[in-house]
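Visitor: I am new to this structure and should like to learn how to read it. May we take it feature by feature?

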2 protein chains.
Amino acid sequence: MKTVRVFAPATVSNVNCGFDVLGFAMEGPGDEVEITLTKGKEVRIVSIEPEGVNLTTNARKNTSGVAILSFLDQIGEQQGVDIVLKKNLPLGSGMGSSGASAAAALVAINHAMGNPLTKEQLIPHAMEAERMACGSAHADNVAPSILGGFVLIRSYNPLDVVHIPSKADLWCTLVHPHLELRTEDSRRVLKSEVPLKDTIAQTGNIAALMIGLMMPDYKLISRSLVDVVAEPLRSGFIPGFSVMKSKSSALGALGFGISGSGPSVFALSITKEIAEAVGIAIHKEFSAHDISSDQFISAISGRGARVID
Amino acid sequence: MKTVRVFAPATVSNVNCGFDVLGFAMEGPGDEVEITLTKGKEVRIVSIEPEGVNLTTNARKNTSGVAILSFLDQIGEQQGVDIVLKKNLPLGSGMGSSGASAAAALVAINHAMGNPLTKEQLIPHAMEAERMACGSAHADNVAPSILGGFVLIRSYNPLDVVHIPSKADLWCTLVHPHLELRTEDSRRVLKSEVPLKDTIAQTGNIAALMIGLMMPDYKLISRSLVDVVAEPLRSGFIPGFSVMKSKSSALGALGFGISGSGPSVFALSITKEIAEAVGIAIHKEFSAHDISSDQFISAISGRGARVID
């Protein structure tokens, strides 16, 4: 019975000007999935760690299970799989938690079956898992979690995922406040129409961000990390948001924003030292609002989900 | 009395997914401006060629004059200037005609005065001329006409113009149909709000276009040359538009669209031969609608406005 263990990193999606089209992978933290091919025909989640995490072991209702079932369906195999999920990422945090479990599960099953699919081909199966978990098959978490680095979703129909050849050395500060914020609520405040002038601003910023990442040009990256679409509508969910933003900037961060649909926030910096100082400042600001938080400092990783056993 | 002659190229702005933020410069055609510093204090347009072109010689109502007056105002000089404008670009064509005259005039006066401003610093003065001519101080024609190559306007407030380090070798087919289409009419059909899903599509495409240009990745460039914002509303002004679009694609063009606010159309191709074949096909299609047209085939030039005497 073949066993494979895979780690898949947390991801930051949206990244200010990249609403629904951009994401990047952290080096860590992340989820781990261990799968064992069995002689049966069933895909089962045999355990979820740590104990007490609020996730079902029904394989059809857990992103790791859904992703593997979709994968097996495509390659036309009825293969028994036992899944052990080590859930390190907090649920509903805006850190790509559901996506990381799916990404890890897919890289694991693909490896165990002899890599019949490319990493890019795994993405639609992870999107199926996202559809089950969040109601929409978004790719801006799962694609960077699988591929690593900065990833652009140029188009959903047809799916066109572009690995961005960034040359920028960046550190990410990711802070998860212990706040409840449901993706649905975060979605609900968005407007179905965007003023033309904001569409223009958003296209100018995302284009400049691509140039900044590829040059690299850190000042241009910093000027581009502006969100006129989601942040004005969502930042109200996050106490102290504007204070954190100005403190991050004062400490030298290139940019600060909401990670995914929140409530986590992130900052990008050119050194680990700045990233750490920013993390402390954000943590303090949440504390001032009586909100505890966890912080993660990590280089932006080009590695993505990877076999660790 | 010092005389300087400058050529400034036609430009294609918008470029499908880059509505109001993107433009590029042709190698030619373009406008020529000859200026002579005089002992007087007046900025005068002494002649406009060819005879009969529908432009005023009032320096405050012609883009070349307005641009020079704005320039002199900034550097604090009361300098007499005689302007001879050789107007090669058709007016109201979507080829950046008003912008090219302003660009040429500015590079000429700057050169004649010993280059007190950088090329980038000339852009706001050309924008003043655009404001007079078109009612809005847009930069997506004047910036590429001055700087050359592909240029991004990341932001208007503050003005942030980014020269895109494109590595793509591209040929442009630019076809000007003898149709009247006023910029105001072209503007009027635009909606003040854009569906969120179209904003997302536009940001995905412009980001991918930047990656495609910088890699270069011609297939990615081609997939990105999509306009979901202006083209659906404006292409109805241009008879045969969708036929030209599919013919261009069938002939191997990477993309086809409206140049600026029209009525000119453009296509991008990887060889001169394809660009020429596309030009013939577009010309034929206009002819089928009883519309005569002029076509221009040119490499995309990194040179921008330049002193020629």
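Guide: We shall consider the pairing of the chains, then a sheet, then helices and a single residue. Please bear in mind that this is a predicted model.

Visitor: In which sense do β8(A) and strand β8 of chain B pair, parallel or antiparallel?

Guide: Strands of a sheet pair through backbone hydrogen bonds, either parallel or antiparallel. For β8(A) and β8 of chain B the sense is antiparallel, over 3 bridges. Within this pairing, A:E193 stands opposite B:P195.

Visitor: What is the order of the strands in the open sheet of chain B?

Guide: The order of the 4 strands is β9-β10-β7-β11, and the pairing is antiparallel. Since β9 (255–258) and β11 (293–299) of chain B have a single partner strand each, they stand at the edges, so one side of each is left without a neighbour in the sheet. From one strand to the next, the twist averages 15°. To follow one pairing in detail, take β9(B) and β10 (residues 265–269) of chain B, which are joined over 4 bridges; B:G255 stands opposite B:L268 there.

Visitor: Which strands of chain B does helix α9 of chain B lie across?

Guide: Helix α9 (residues 241–250) of chain B lies across β9 and β10 of chain B, and runs at about 155° to β9(B). Helix α10 (residues 272–288) of chain B also packs on the sheet, where it touches β7 (171–177), β10 and β11 of chain B. The direction of α10 makes about 15° with that of β7(B).

Visitor: How may the span of helix α3 of chain B be checked?

Guide: At 1.5 Å a residue, the 16 residues of α3 (119–134) of chain B should span 22 Å, and the end C-alpha atoms are 22 Å apart, which agrees. The buried residues of α3(B) include B:L122, B:I123, B:A126 and B:M127. They pack against α1 (63–75), α2 (97–112), α4 (142–147) and β6 (159–163) of chain B. Just after α3(B), B:G135 takes a positive phi of about 90°.

Visitor: Is A:S264 buried or exposed?

Guide: A residue counts as buried if 20 or more other C-beta atoms lie within 10 Å of its own. A:S264 has 28 and is therefore buried. Its place is in the loop between β9 (255–258) and β10 (265–269) of chain A. Among the residues that A:S264 touches are A:S93, A:G94, A:L174 and A:S259. A:S264 and A:H178 are 86 residues apart in sequence, yet 8.9 Å apart in space, C-alpha to C-alpha.

Key: Residues are numbered from 1 along each chain as its sequence is written. Chains are lettered from A and ligands numbered from 1 in the order in which they are written. This is a predicted model: local features need pLDDT of at least 70, side-chain atom pairs count only at pLDDT 80 or more; totals for chains, interfaces and linings use all residues. Two strands pair if DSSP finds at least two bridges between them. Helices (H or I, at least four residues) and strands (E, at least two) are DSSP runs, numbered from the N terminus. A residue is buried if 20 or more other C-beta atoms lie within 10 Å of its own, exposed if 12 or fewer, and partly exposed in between; C-beta atoms are placed from the backbone. Two residues are in contact if their C-beta atoms, placed from the backbone, lie within 7 Å. The expected span of a helix is 1.5 Å times one less than its number of residues. Axes are lines fitted to C-alpha atoms, for helices over the stretch in contact, and angles run from 0 to 180 degrees between N-to-C directions. Lists of a residue's contacts leave out its neighbours within four places in sequence.
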